Every structure is written in structure tokens, then in C-alpha cells.
Amino acid sequence: METLKAEKKEKKTKKQLRISGAEAVIHCLLEEGVDLIFGYPGGAIMPVYDELYKFQDKLTHILTRHEQGATHSAQGYARISGRVGVAIATSGPGATNLVTGLADAQIDSTPMVCITGQVPRHLLGSDAFQETDIVGISTPVTKWNYQVTKAEEIPTVLAKAFYIAKSGRPGPVLIDITKNAQFDELDFSYEKCTGVRSYVPEPSPDVKEIEKAAELINNAKKPYIVWGQGVILGEAEKELQDLIEKTGIPAAWTIMGESAIDSDHPLNVGMVGMHGNYGPNVLTNECDLLLAIGMRFDDRVTGNLDTYAKQAKIVHFEIDPAEINKNVKVDVAVLGNAKETLKLLLPKVNKNSHDQWKAEFDKKYEEEFSTVIKNDLHPTKPGLTMGEVIEQINLASEQKAAIVTDVGQHQMVACRYAKFKQSKSNITSGGLGTMGFALPAAIGAKMGAPDREVVAVIGDGGYQMTIQELGVIFQHKLPVKIVVLNNDFLGMVRQWQQLFFEKRYASTELVNPDFVKIAEGYHIQSKRVSKREELQGAVEEMIRSKEPYFLEVVVEKEDNVFPMIPSGASVSDIRLK
Amino acid sequence: MENQWFTISVYSENSVGLLNRISGIFLKRHINIESLNVSKSEIEEVSKFTIVVYTTQDWVRKIVQQIEKQIEVIKAFYHTDDETIYQESALFKIASNLLFDERQIQNIIKESHAQIVTVARDFFVLAKTGRRFEIDEMYEKLEPFGILQFVRSGRITVSKAKMPITELLEEFHLNN
Ligand SMILES: Cc1ncc(C[n+]2csc(CCOP(=O)(O)OP(=O)(O)O)c2C)c(N)n1
């Protein structure tokens, strides 16, 4: 009798685990700790949406207004929280609308899992309604992708998806699930993925290489650190700061690495790259040792490779072996997770200071200040500059806000002048330069860190690429602060036309709508300012607001961003005007 | 840096999309795949791609780094021709009358150690297995007489050095 009962019970629990593929998808997400996803429904993903309806108390689905918005929101969420962002879409156009976000996440190493519906297995290859080969299309822009055609594959494939997205050098994964696999039943059990035999997420550090690096550091007269996002992704902020402080080495960042170290740290010398600071660029070609930490020598950082740091020994701390000697030949490559390698390095380096060398950065800063920064931050001309708006945001938010930027002049100005005290605070589309990124990414960032102040800084061009996501902010009363720096131009392109195409402003002047009215249409508190005396008050009001807030700042139409390394030029030929 | 012949060997999981992923790496860099062969390897459930390219050492190194980065690739190597034992096969289809009219053809067949696979009324077929240049030589010799069809197989290679794939896989199983 007892045994029979037990057996019956077991059968019952077993029976409970017999679920549809669609329900299994939800269980997998819950097992991975996901409580928020971004997406857009449609025919081929309806079974999963039906389950989302049933599980809405455990798993929140945010209906973005375009699938591209779902990917950027998932990215913003991932970038601020360090967790995997999840986006979901239907087959065909839903799936192809994910491509820009996938490419962005791929080049900026953002952990993201995208789930797409697909036509039933028996229709694959028949040009069925809304069939598109999203696995083929997304291959070059995903770290991994896979098409599930059988319900029983779902748990293992999704477990693998999350593992691959998050481990090693993170990246986007796309899982395409045919409709039959969503309807069919499977015996569900979940095991987290802890390894894939053909995949080494993190090479283990080689102590010999670390010793070589330490020796170079200990003997260098003019050592210089350039760090990138690898420090943030590897959560190696403290290790980097310890290294900088012990060795006294001046350190600069790529835009993807910004905020890893306090902007006001005395050894933080600023930004490298095309619109970076003067000293960090020029002195790249004067240091005797360049320590590149978690960065990949992007061409926007290096300028002309033939004249990049040729005089220096170069040490590359990097998690991805494929980055070694890809763009810049290095003398020592230290493979591994930056947190681990820097930790191993630290005891081997001597306590030191490089005051004289650091003074060269200060001198260059003075030069940049008097020709560029002063006019950007404390202008005397009547028109507002983008720089002074960023400065007001710094002041009003006490440098605590996370700044999410779009792409263009405002992005470069924001990265140059925004100040941060906390890591993971600068969220921008660095590698792909995706206009339209900021608004949805800010939504994701606010949802990933509800306690943080999130300010989106966007150009009037890029704003109109994903403006429909205002609907999400309105619907969820999400207190995102939106600042549109309106110059009535596609400013960055106009700047290039002015400098390199003799002011032929081909299709860069914008005829803009009334942005304040649009925000009002979404019942978002909003304001437009165009005068200096209104700016501070408006920014303070925006930051104080507990609600979503839209602030349009009318800025000077034809300002340029300087310094600038003209494309193809050397970092030492950076122009101050 | 000068262009030379390289053989890239890729050990991978046997997965559907991988060929697409790998060919994309070449596509992106405008590097032509001169020959491609996919087969099972000495290890159960492990596939082997053998890819021949004519490029510089710098490019082949970068390509192999990118290939190895793909999740389903276990390990990728590149070798120069000296570092491998390799073979390619080719078939030549030639008009039958030439076999009788052109004595030279018979000499070519003998000298090149080619095999006559079949002789029909209108054509005969020669098969030649060997190094790339041997097949090229035979092609050049036969060409003046007219070749009706020519096809060359993908290269198959074994390396002179050890390929520690089994060890890699064992190490994974020990750690997981
Ligand atoms: C999707 C996309 N299309 C085109 C571009 C090329 N592009 C780079 S910056 C820029 C102008 C951006 O103008 P706006 O959003 O007004 O910002 P501003 O430069 O004026 O600050 C353009 C068109 C891009 N980066 N992304």
C-alpha cells in the first residue's frame, strides 16, 4: 500500500514535469535567474508568449515598440548589471530586426541571449510565411547560434546559450526554436551548463608571461596604461586601481573602459582615440612601455597602425587569444581574465612613482584645456555647447548617474566630459556606433539598476531612430531622464563634411518635429531650453524628478568636436582645432 | 610577407552551421579557399576540416585564431606543405581518339603514374593522386591535347607533428 502510494506520487511529479517546449523555455529562463525579458510577439513565437502570460508573476516581459529596441534594452540591462540580457522575437521580420543589436553586442562583447520563433520543422526551407534563415543571417554577428527543432533539445541548448553568452569574452547568442518544438512535450529537467568541450572561455594565465610583464614594468621610465572594457567585464576594477596606485603609472581608457576607475583619480589621465584627450593620444608615441589591459586596439583608438607606439614595448593583457597580434604586434601577451592576471601581477611589481612623466600628461592637459575644454565647458559665445550640458549633468547628479549615449558628436562630448565614481556607468555603442542605441539601452539600464539615476544623452538624429521606445517609458512610468542635444544636424557627419568635404552638407540638415510635443503625447514631463541661464535649473529639475523626464537642449548648430585624429592619421597628429 | 600555400586543419564538433561560420571568416577577409575537405577524423564524433589557402603567414595565423575562437571548434592548426603529408586527387576526361592518335599521351600516362579508370567509345578517364604540383604538371602536359573535363579533390593531410586532440578532450572531461 505504502509503496503503491509512493509510486503514484512519483508518477504524479513526473507527470508534472511533462511540459511543452514553450513552457520549458520559461522554466529555463527562471532557472538561469532571469526575471525580465524584452520582446515582441508574433505567430511563430506565440506558444512561448502564451506561457509568458501564465508566468507573468515570475517573469516580466517588456513589450518594446520594435525588436531592435528589445535588443538594445537587453544590452543596456546587461551592461549596467553584468547579467545576461534576454530578447525575444518572432520569426521572419521579428528575427531580422534583431540583427543590429546582435552585431552591436558582438562587437562590444555584451552578454545577451536572443530567442526567436521559427516556422514548424516540416516547413523549413519551403519559403513559408515569415520563414527566414535567421541562423544563417546571424552567424557572423553571434558568438554562437543554434536552431532547435525538437522540444527535448530546449533545456540543454538554453543552458548552453546562457553559459556561452556570459563566460569568457561575453557575447550574443541566438536560439531559433521551431514552432513544433514549442508545442511538443518533453520530460523537463534542467542542469546548468558548466563547460563545452570544444570551448575554452578563459585561457589560464602563464606565470612566465606575467613575470616578463612585471620586469618590463619595473624597468620602464615612461610606462603608460590603456585599459578597455575587459576590465569592467572581468570585474577587475579594484585590481587595476591597485596596480596603478602601486606603480604610479598614468592610465587612460577607451570609451568602452570608461568608468572602471574614478574619473577624478589623480592617475586617470583621460580618454584615448579619435576624439580622446590630447595627452593620452600624443604620449602614446612617447611612452617606453604600453600596457594594454582588456582592450583590442580598435582603429578608432590607434589611428594609423604604422605610427602607433612604435617606440614602446607593448604588453597585452587579454582574455581572447584571437586579439593577440591582430592589429598591433606585442612584445608580451598575458592571456587570461584581467582580474586574475592583474592579481598575479601585482605582487611582482615594485612600488614606484612617475611624477615627471605624469607631469607631461598634465602639461598636455593644460594645452587642451586652454584651446578646447575651456570653450566647451565655460563658453562665452551665446549658443549652448554640448559640453556645458554634460557638465551640468555631472553637477546635478553629483557624478553618480549612469550615462547612456547614442552615436555622434554628443556621444564623444559625453564620453569626454561625463564624470563617474562607479563602474559600469558609461553605456554606449562603441564598436558598432549604432545610432538609435541610447533610448532603448537607457530603458534596459534603468530596469537593470532601478536605484541608479540613468540619463540618456542623444542627438536629434539618433533619437528619431528608436523614438518609438518612449512608449515603454510611458507605459511603465520608468524614470529615465532623456536629454536630446538638438543641433538640427546629423552633427558628426556634418563635422566631417565641413572638415573633409568642403562644407558640402549633403543630407545632414534635419527638419525636426516638436520634440517636446512628442514627449507630451506620451505624457512624459518635458522641457526645451535654449538659453544658458535656463540650463542649470532645467537639468536640476530633471535630475530631481522622480518621473520620466524629457529635456531638449537647443545647442549651437555647427560646433565641432575636438581634439580629433583625422582618420588614417597618427595619434601624435591629433588636432586641437 | 610573401604568399605561400598553407593547410589549415580544424578539429571540430560535427555541427550543421559550422561550415557557414568558418567560411564567413575567409569571406570577411577576401581570402579564397583553394580547397576544402570535410571528413570524420581519428576521434569518434570529431570532424576534421582540411582547408588550403594561398596567403601570407600573418593572415593564416589570424584566420586560424578566428577559427579556433568558434565555440564548436576544438582546435585549429596551420602548416606549410613541408610540415604535412598530403594528397590530392584529380580526374581528367579526355577524348578516346587521342589515346590512339597521340602517342605522347600514352607516355604522359606512364610517366605520371596515372590510372586509367575507364575507357568508353568517346572518352577515357585518368585518375591521378599526388602532390598539388604533380597534378598541375600532368594538367599542363595534357592541356595541349584538349581536356574534356577536369576536377580536383580537396586536399587531405596528416601532419608530421602530433595533434593532441584526444589529450585536449580528455583534459576537459577530467576537469568537468
Ligand atoms: C544606424 C546608423 N546610421 C548611420 C550612422 C552614421 N552616423 C554616425 S554619427 C551620425 C550623425 C548623428 O547625428 P545626431 O544623432 O544628430 O547626433 P550629433 O552628431 O549631432 O550629436 C551618423 C549619421 C550611424 N552611426 N548609425
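**Exercise 1.** Determine how many disulfides this predicted model holds over all chains, and explain why A:Cys114 is in none.

*Solution.* Begin with the whole structure, where a search finds zero disulfides over all chains. A disulfide would need two cysteine sulfur atoms within 2.5 Å. For A:Cys114, the closest cysteine sulfur is that of A:Cys28, and because 16 Å separates the two, they are too far apart for a bond. A:Cys193 is likewise in no disulfide, since its nearest cysteine sulfur, again in A:Cys28, is 12 Å away.

**Exercise 2.** Describe how chain B is divided into domains.

*Solution.* The assignment gives domain 1, covering 4-83, and domain 2, covering 86-152.

**Exercise 3.** Characterise the contact between chain B and chain A, going from its extent to its individual pairs.

*Solution.* First count the residues: chain B contributes 20 and chain A contributes 22. Next take the area, which is about 1,800 Å² buried between the two chains, with 45% of it on carbon and sulfur atoms. Within chain B, the residues that lose the most area to chain A are B:Arg21, B:Ile71 and B:Phe172, which together make up 38% of what that side buries.

Then turn to the pairs, where three salt bridges cross the interface, alongside 12 residue pairs in polar contact. In one salt bridge, the side chains of B:Glu13 and A:Arg197 meet at 2.6 Å, N to O. Finally, among the elements of chain B, α2(B) gives the most to the side that touches chain A, with six residues.

How values were computed: Residues numbered from 1 in each chain as written. Chains lettered and ligands numbered in written order. Predicted model: local features only at pLDDT ≥ 70, side-chain atom pairs only at ≥ 80, totals over all residues. Heavy atoms only, no water. Domains from an automatic or database assignment. Contact = heavy atoms within 4.5 Å. Buried area = accessible area lost by both parts, 1.4 Å probe. Salt bridge = Lys/Arg side-chain N within 4 Å of Asp/Glu carboxyl O. Polar contact = N/O pair within 3.5 Å; in protein donor to acceptor, adjacent residues only side chain to side chain. Helix = DSSP H or I, 4+ residues; strand = E, 2+ residues; numbered from the N terminus.
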